[in-house]
Amino acid sequence: MPAFFLDDNQVERISGMTREYPYCMHVTDITEFTVPWHWHEELELNYVKQGAMKVITTNAEYVIHEGEAFFINTNVMEMKEAIKNTDVHAIEIAHLFHPVFLTGHFQSLFESKYLNPILNNRQIEVVVMTPQTKSGKKMIQLLKDAEELQKNKDMEFQTRNLLSEAWLVLIEELNENAQNLPSITLTSQERIQYMISYIHRNYAERISLKQIAASANIGEREAQRCFQKTLNRTPLDYLNEYRLNQAKKLLSETDLSVTQIALQTGFSDSAYFGKVFRKLHHMTPKEFQADYQKSGSKR
């Protein structure tokens, strides 16, 4: 499983991506690792090798089944998770690449004619392709070929050729289904990005709903509406969930005391931290820490 790094603005720094060769392939067991909210400039052409998963954006949820492919546009705020209540692990094969991998250089004909019409169309956030359509069948085969190609040495040109073909297939798919593109509210996505980034940067401090809302230059009521509409929770609920996730990491990866962890993750005291933690995980932080150390496996 590839390492997953986010900067302070929830922009993913993609493991394996270099300036000299702005492409990499990630194989991820989504069942074992729910991909948190993030966005990045790089494009994704992926397929589900096994099981089923969801890609969730601030505007919609997309369910992708085994043998289906999907595209994620640049700077789309998203998270990924496996379909629950199944014993089959969800395995995603992700081909990630910066637009320059196909365009060659800034303002090239390839960029203006073939990539920008998709990159600049904010109605296009996620495109799911199934083997039941001609373009979907071609896309899935190209992505499988690209996966197989990564086992070889000196495969850089061939990889770019395959992804160039895949991009033309994506254009074909979009041309055939242009009428089915969803209506995207950019303002809502941008507001959520600003507020989540603020929470992730400042969760260890005492922050209020007013401060969270101000980070997106909106009022508290509008902040509540945005979170409820897109994430189905309040800003303060999200803040507490994020704090608890950070606390779980510290409980499992460090020898810090519960009190130290409570203070480092923004809780006012260890008693309140213990109460909130137990409500969500049905055990105390100490019990979680002991259980983790005993089992040696992540939760």
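## Notes on a predicted model

1. Leucine 168 has a relative accessible area of 48%, so it counts as partly exposed, in what should be read throughout as a predicted model.

2. Five strands make up an open sheet in the order β3-β10-β5-β8-β11, and their pairing is antiparallel. At the edges stand β3, residues 23-29, and β11, residues 126-129, each of which pairs on one side only.

3. Strand β5, residues 43-50, runs antiparallel to strand β10, residues 91-97, and seven bridges join the two. As an example of how residues face each other here, valine 48 stands opposite glutamate 92, which belongs to β10.

4. Strand β9, residues 78-82, deserves a paragraph of its own. How many of the residues of β9 are buried? The strand is mostly covered, with five of its five residues buried. Glu78, Lys80 and Ala82 point one way from β9, whereas Met79 and Glu81 point the other way, and all of them are buried.

5. The partners of β9 can be described in turn. With strand β4, residues 35-38, β9 pairs in the antiparallel sense over two bridges, and histidine 38 stands opposite glutamate 78 of β9. With strand β6, residues 52-57, β9 again pairs in the antiparallel sense, here over five bridges, and the bridge partner of valine 55 in β9 is lysine 80.

6. Turning to the aromatic rings, a search of the whole structure finds eleven aromatic pairs. One of these is formed by phenylalanine 273 and phenylalanine 277, whose ring centres are 5.8 Å apart and whose planes stand at 70 degrees, an edge-to-face arrangement. Both residues lie in helix α10, residues 270-281, where they are four residues apart, about one turn of the helix. Both phenylalanine 273 and phenylalanine 277 are buried.

7. Phenylalanine 277 also pairs with phenylalanine 288, and why is this pair edge-to-face? The centres of the two rings are 5.6 Å apart and their planes stand at 75 degrees, so the pair is edge-to-face, because planes over 60 degrees apart count in that way. Since phenylalanine 277 lies in helix α10 and phenylalanine 288 in helix α11 (residues 285-295), the pair ties together parts that are eleven residues apart in sequence. Phenylalanine 277 counts as buried at 0% relative accessibility, and phenylalanine 288 is buried as well, with a relative accessible area of 3%. Phe267, Tyr272, Phe273, Phe277 and Phe288 form one aromatic cluster.

8. Helix α10 also takes part in a helix pair. Two packed helices are described by the angle between their axes and by the distance between those axes. Helix α8, residues 235-253, packs with α10 at an angle of about 95 degrees, and their axes are 11 Å apart; α8 and α10 are therefore roughly perpendicular to each other. On the side of α8, the contact involves Asn240, Leu244, Ala247, Lys248 and Leu251, and these meet Tyr272, Phe273, Val276, Phe277, Leu280 and His281 in α10. By type, the residues of this contact of α8 with α10 divide into eight nonpolar, two polar and one charged.

Technical notes
Residues numbered from 1 in each chain as written. Predicted model: local features only at pLDDT ≥ 70, side-chain atom pairs only at ≥ 80, totals over all residues. Heavy atoms only, no water. Pairing = 2+ DSSP bridges. Phe/Tyr/Trp six-rings, centres within 6.5 Å; stacked < 30°, edge-to-face > 60°. Buried < 20%, exposed > 50% of the residue type's maximum accessible area, 1.4 Å probe, protein only. Axes fitted to C-alpha atoms, helices over the stretch in contact; angles between N-to-C directions. Parallel < 35°, antiparallel > 145°, perpendicular 65-115°, else oblique. Contact = heavy atoms within 4.5 Å. Nonpolar A, V, L, I, M, F, W, Y, C, P; charged D, E, K, R; others polar.
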